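I opened the structure today to look up a few features. My notes follow in the order I took them.

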Amino acid sequence: MASPLELFRKNQKVLMVPLTILAMFAFIILGQMNVNQAPPILGMLFVGALFWFLGKDRGKGKEFAAVGVVIGFIVGYMNMPQMGAANVVTSSAGEIDQQQFQEMLNNRRIANQFVAQSYFASLTEEEQQRARVPQGALFGFPFVESSEDDMILEFLLRKEADKMQLVVSDDAISNYISRYTNNKLSRDAFQEVCQKMGVTQGQIYEILRNQLKARLAFQIKSPEVSLTPDQYWNFYKKFNVREELEVAALPVKDFEGQIPEPTDAEKQAFYENYKAVFPNQKGPGSPGLLQPPKVKVEYLLADYEETEKLVPPVKPEEIKAFYEENKETLYKNNPIPNDPLLNLPGAPTAPQGDQPIEAPKPAASEKTPAAPKESAAPKADKTESPAPKADSKPKPEATPKEKTESKDKTSALDSDQTTFVALLDEKQPAKKEPAKKEPAKKEPAKTEPAKNPADAPKPQPETKSEKKPETKPAAKPAESQPESATTAPPPLEPYRPLNDELKSEIRDQLLRERTLTLMKEKINAAATFMNDLSYAINTPDTAETPPTPKEVTEQLKKYAAKHHLVYNITPLMTAQELSESEKYPLGTAREPTLNEFTAQPRTVLEQLFGTPIDQLYTTFEAEDSFSSALISYWKIDHTDTMVPKFDDPEIQKEIVAQIKTEKARPLAQKRAEELQALITKAGDKEMQEALKGQTITGKKEGTELLTQTTESFSWLRTSTAGASNPFSFPRPELSTISAIDGAGNDFMEQVFDNLQDGGVGVALNADKSVAYVVKVLNRIPSTPGGQTAMYQEFLKTDLFFFFSPYLPMAQQEQVQTIQAWGKDLQAKYNVQKHFEQMDQAVEVVQE
């Protein structure tokens, strides 16, 4: 029997044709395929061709070829490197390869998409227009830095759940769906959602089971923070201890000229060390080349000034009508309410009439002896009869006389206060003297009418001007009482007069209210329009083709032009770039809230970077408190954390800059310590005098060193900047210091905790780009007595009321604790990340 080699030589010409065809096929087809997919294809081709050749002489070439194709595919598949075989995560709990990681990402996306679509399916059409998916229903772990860490945490938590033998039953999943849909999701709607997503009920339940298992383990394992009183005392000091500094700045960049250009080997080594590290990840100012997540946002904006131009001017009759409708509540002049519950001891009461005010005054007691003077024996009875009528109400007060009357009738006021009022009255001092000698005057008052009863009316005309006021109280005591208040200020008008100033105030108020109302109407309509586009993009009907991003952009531009809105689109930007941007008002905007007493609303940055990467073209609304603008927006692109390429020119510049900064910083710090020694050695000399003639770098040709004095500042302050909700928690933030370029926590710790009053030291700013020589000029409190007094105030302070700035600080402690716990969990399982392999594989496929 001929050997295979002899058969090949005899049939060489016949074999050349299929081999040539196979070569051409391999060159054209395999060149378009991933190299990992080549073995099965090559096995099918070559084994199939070989079997065809063996069966050709027997007249069964096709049959043999078919068998060869199957055998070749099986052999090739068995030798094919599996897709995603390269591990992106290794740990003692197991490994995650590329394929598993992509599957985890896809399952998370499916779970959140199902939650969103099933929630909307449970609502009516009217409810859908203003509804938002409950954030607590979506899956994802808070405070993680990237999607990689999110997936790793899910993986480890499922392992923890298995150790605790946690089981999530089908009933638990059904209850979860019913809870966030408020038991309104019907069976038909559930099946319809599954059909649109292309998944079965069993697949959805299995995906949700894994997500809920990880969430349950997180709730059980994640720590909670209980702060000690000493920690709250430290919080209190950060808000209340104040300092003034004298500082001299030494920029690190001034020392970079002393650093030589790095070699290629240094740049390569720096790249390998920091390519997978974020800037500042290992500490403030630490180097890093890892590119953070970026988003691209498209939005429609209702501008306040532009909308105000569309509002018709406020008419005078509208101003008057508003005034009449609201004068009782807004423009009433009486600042003291007539509420008996508010008439507390020591508080002034609202006047209810003339008699109650004048009755307690000593005028009645002063003028009572005057009645017998002018009254004859027969008239005495008549004059005495009206007096009880005037005193009928305060009748019980007549028996105590003088001082007891004033105490009873003015029990709401202290005796000191009544004396003070009497001293302000110019007429009172003259009338108080006869009041004190009242017992001595009573005796002649009885004898005078008996001596000259006929002459009694004669003195009246002679002293008419003087004694008329005295006769009136006896006959008409109610009329005499107002005279005691002649020196009091005139009573206020019941309402503010509708003058030009108030008209202008009302006009501005009405104009603002109408402008804001129109803005809300316009942005709500815009959000509805964008929701319709979002539905067409994300859940298109089978009979319709979803619009392309370019078509969507054109529709938004046309809508903006028609409805007087502003259209804009951002480039890919990081969270920091958006927060610092002046062109795009997204970094300071927050979601609107209907309930002003709810917790602080989510910021746009939290909404953009906290939602899944693939959640695009989902409409959100926000408002910017700085510009009063209302925004309807969505993200149209979201890139995850990426390892940069070493050959990228921009990355090369960044590497050189970071190397020079790292080498120049110790030089700046060393120079600052030299200057610190000079100031300390100078003793009581002023800092500027001690540094006279010194330069920043210490070289003669360097820039002259100058000092600045800061304003008084505390470590922390509260700020509501950017908060659209006036009832939201005040946000603690580092105080800004005019003479310091970005003071960070390390700077504050140095000047507040490590330096005494009058002390000199060295402190770096937040990003360590500037070294400062600092001297504490004044600290409040600086003495033990002052500190004790502050501690007593701290003990009286309610640290837990609704608007307390200490609550957000406690929440921040919770965030930091959970982040540290997540890192400890990774360390516990010895997690190692290799995501740069996946990034390189993706780049190869794309190329």
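**Entry 1: a surface patch**

I found a nonpolar surface patch of about 220 Å², made by Val67, Ile71 and Val75. The model is a predicted one. I then looked up Val75 and placed it in helix 4, residues 61-78.

**Entry 2: helix 31**

I checked the length of helix 31, residues 649-682. Its 34 residues, at 1.5 Å a residue, should span 50 Å. The end C-alpha atoms are 50 Å apart, so the two values agree. I also found a kink of about 25 degrees at Ala664, shortly before the proline Pro666.

Next I looked at both ends. At the start of helix 31, a side-chain oxygen of Asp648 comes within 3.1 Å of the backbone nitrogen of Glu650. Just after the helix, Gly683 has a positive phi of about 70 degrees.

**Entry 3: Met519**

I located Met519 in helix 27, residues 500-538. Its relative accessibility is 0%, so Met519 counts as buried. How far apart in space are Met519 and Glu306? Their C-alpha atoms are 9.8 Å apart, although 213 residues separate the two in sequence.

**Entry 4: salt bridges**

How many salt bridges does the structure hold? I noted 24. I looked up some of them.

One of them joins Glu243 to Arg779, with the closest N and O atoms 2.3 Å apart. This pair links distant parts of the chain: Glu243 is in strand 3 (residues 242-251) and Arg779 in strand 13 (residues 770-780), 536 residues apart. Both Glu243 and Arg779 are buried.

Glu266 forms a salt bridge with Lys663, and here the closest N and O atoms are 3.1 Å apart. Glu266 lies in helix 12 (residues 264-274) and Lys663 in helix 31, so this pair ties together parts 397 residues apart in sequence. Glu266 is partly exposed at 33% relative accessibility. Lys663 is partly exposed too, with a relative accessible area of 36%.

I then turned to Arg496 and Glu505, whose side chains meet in a salt bridge at 3.5 Å, N to O. Arg496 has a relative accessible area of 27%, so I marked Arg496 as partly exposed. Glu505, at 35%, also counts as partly exposed.

Conventions:
Residues numbered from 1 in each chain as written. Predicted model: local features only at pLDDT ≥ 70, side-chain atom pairs only at ≥ 80, totals over all residues. Heavy atoms only, no water. Patch = residues over 30% accessible without salt bridge, like charges linked within 9 Å, V, L, I, M, F, W, Y side chains within 5 Å. Areas by Shrake-Rupley, 256 points an atom, 1.4 Å probe, with all protein chains shown as cover. Salt bridge = Lys/Arg side-chain N within 4 Å of Asp/Glu carboxyl O. Helix = DSSP H or I, 4+ residues; strand = E, 2+ residues; numbered from the N terminus. Expected span 1.5 Å × (residues − 1). Bend = angle between axes of the 7 residues up to and from the residue. Polar contact = N/O pair within 3.5 Å; in protein donor to acceptor, adjacent residues only side chain to side chain. Buried < 20%, exposed > 50% of the residue type's maximum accessible area, 1.4 Å probe, protein only.
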